[in-house]
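Morning, everyone. I have one structure to go through today, and I will keep it short.

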Amino acid sequence: MRYSQAFLPTIKEVPKDAVDASHVLLLRGGYIRMVGAGIYEMLPLGQRVLKRVQGIIRREMDAAGAQEVLMPAILPATYFQETGRYDLYGPVLLRLKDRKGGEYHLGPTHEEIITDMVRREVKSYRQLPINLYQIQMKYRDEARPRAGLMRCREFMMKDAYSFDVSEEKAFESYAIMREAYHRIFKSLGLDYRIVQADSGQIGGKTSAEFQVLAQSGEDRIVACTQCDYAANVEVAEARIDTTKADFSATPERLLVKTPKTKSIEQVVAFFAKDDAPKSADGAFGTNRILKTLAYLVPSKGDKRAPDAVATADEIALVVVRGDHEVNEILVARALGVEEVHLASEADVKAVLGVGPGFVGPVAPKSSLRTLVDHAAAAVADGVCGANQWDHHFAHVAYGRDFEGEVLHLRLVGAGDECPKCGGKLEAYRGIEGGHIFVLGTHYSSQMKATFLDENGESKPFVMGCYGIGVTRLMASAIEQHHDADGIRWPISIAPYQATVLGLGNEPEVTEAAEKLYLALKKKGVDVLFDDRQERPGVKFKDADLVGIPLRISIGKRGLAEGKAEVKLRTEKDATMVALEEAADVIAAKIVELGGKLS
């Protein structure tokens, strides 16, 4: 492609709300343009990258035995109503009606549709296993679309679904997909970790995420430094010390007046004063503060009138150490609900007669269900809210001063011990690029999707689900591969493998650049020829911004020596190559980098 003929509108300035590297560079580099909040159009460069990502995905999915289908984006409401997800998705679901008043919605995901397809067409175990996939646009009405292609209302996704005769066979399909995903992410040139994850609204079990490591990632993950354990912090565990607190030497509980002392930091500062009570080994640090949070149980709380406040049976207390954070997914599981939310100040006052900051697990005014994290239960001499305004208790311990269900309830972090081998965990930021599940019979049972087994008995299909965010991976690659000058694409997904720059308007320079451009095309190199009548500085800046892996520059001085300058986008220094050898050298370098010649 000749730059002079390309639709490649690079820009210097971007909207102020574009702060993430991928959002900024995709806009500046002429890859995407925003049509509306969370809605983007793909310009030619963006489309070329998307096609390369799709090509890698298709290659590995096909090699793994999956077959491609294409399901509709506009879905009748009846399918999601059949499984209850029409209401579960709530405002995220983009709903519409046809001219006859029929209810439809845009597909946020396609489990119900694929299940219906298979229940209509597959009747016998002899037709199994099968794995069907599509690359399709998805639609979700995100409350706060952000970061360009990271969180959109319209996005491209690859979703695959396996159907098996048993759970054992389903795990075999899962293992095949897991290996296919490894090949996909390696081929994309991404640094990633596979981590244990939560299934969320999709349902099912045995869930794992493929996380692209990037400091800008919104997901927090932990990984062991000594073994292969890795998990999203939402489901991560640490080695739990179940040793019970020894409070035999702990002084009697003491009520302490603590005016205007609500936050953990304020409590620690108060008890650090010389005249404040102390633990046996000194001041009460954050690891001795028993933070008590009140959570609203939504399965009951959502039924309240808008102006109502909570009752005691709608509130649960969660106790963690002051240096730990509550894992709300684990709390929701413990309470048997889909999700939990912190109770409002009005709810806390209505139930406990006191505001947040002074709530504690010791004899609350209402009999509340109390969940206690293992680490909090192990504190033998701690401080907690006294359920009185401006007061805390000192010298409290689980088992003596308060009770509750002891569970793992906190977010795991760096420095915790690995639950698998005891090694230390490290914390990372990641971007979820892929997610794989064993769904079991979650959908097939609800939708009566069955087959006849070898004994003639009707059995529900055992399903798996495997997703990849195609447009998100495009952005993720930039988050991981960029510098101050622009994008640094992995060669496998770059819009072009090489770019030839003619520096200057001299006829001999233009002729030599043209000759090399045609020679590279003949070698099967996907090349962009910058033949614009622009200054060299402009061409260099645009080449760095767009991020093409190899830059070949031909100027008057180099031409006099019969040489071209070859520079990798990822390296600082360039090398000089004889013009007659340049096409062969560049083609070989592309193969060396992992690219393919056409």
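I will start with the overall picture, then turn to some backbone details, and end with the cysteines.

This is a predicted model. The protein chain has 598 residues, and 52% of them count as buried. In secondary structure terms, the protein chain contains 31 strands and 17 helices. Its C-alpha trace spans about 95 × 70 × 50 Å along the principal axes.

On contacts, take the pairs in the protein chain that are at least 6 residues apart in sequence: 70% of those contacts join residues at least 24 apart.

Now the surface. The protein chain exposes about 27,400 Å², and 50% of that comes from carbon and sulfur atoms. As for charge, there are 77 positive and 84 negative charges in the protein chain, and their mean positions lie 3 Å apart.

Next, the backbone. As a reminder, most peptide bonds are trans, and most residues other than glycine have a negative phi. Here are some exceptions.

One is a cis peptide bond, from Leu-128 to Pro-129, with omega near 0°. Where does Pro-129 lie? Pro-129 sits in the loop between α5, residues 111-121, and β7, residues 130-139.

Then there are positive phi values. Asn-387 is not a glycine, yet its phi is near 60°. Asn-387 belongs to the loop between β18 (382-385) and β19 (391-396). Lys-448, also not a glycine, has a positive phi of about 55°. Its loop runs between α12 (442-446) and β22 (450-452).

Are these two residues buried or exposed? Asn-387 has a relative accessible area of 3%, so it is buried. Lys-448 is exposed, with a relative accessible area of 69%.

Last, the cysteines. How many disulfides does the structure hold? The count is 0.

To recap the local points: a cis bond from Leu-128 to Pro-129, positive phi at Asn-387 and at Lys-448, and 0 disulfides. That is what I have.

Terms used:
Residues numbered from 1 in each chain as written. Predicted model: local features only at pLDDT ≥ 70, side-chain atom pairs only at ≥ 80, totals over all residues. Heavy atoms only, no water. Helix = DSSP H or I, 4+ residues; strand = E, 2+ residues; numbered from the N terminus. Buried < 20%, exposed > 50% of the residue type's maximum accessible area, 1.4 Å probe, protein only. Contact = heavy atoms within 4.5 Å. Areas by Shrake-Rupley, 256 points an atom, 1.4 Å probe, with all protein chains shown as cover. Lys, Arg positive; Asp, Glu negative; His and termini not counted. Charge placed at Lys NZ, Arg CZ, Asp CG, Glu CD. Disulfide = S-S within 2.5 Å.
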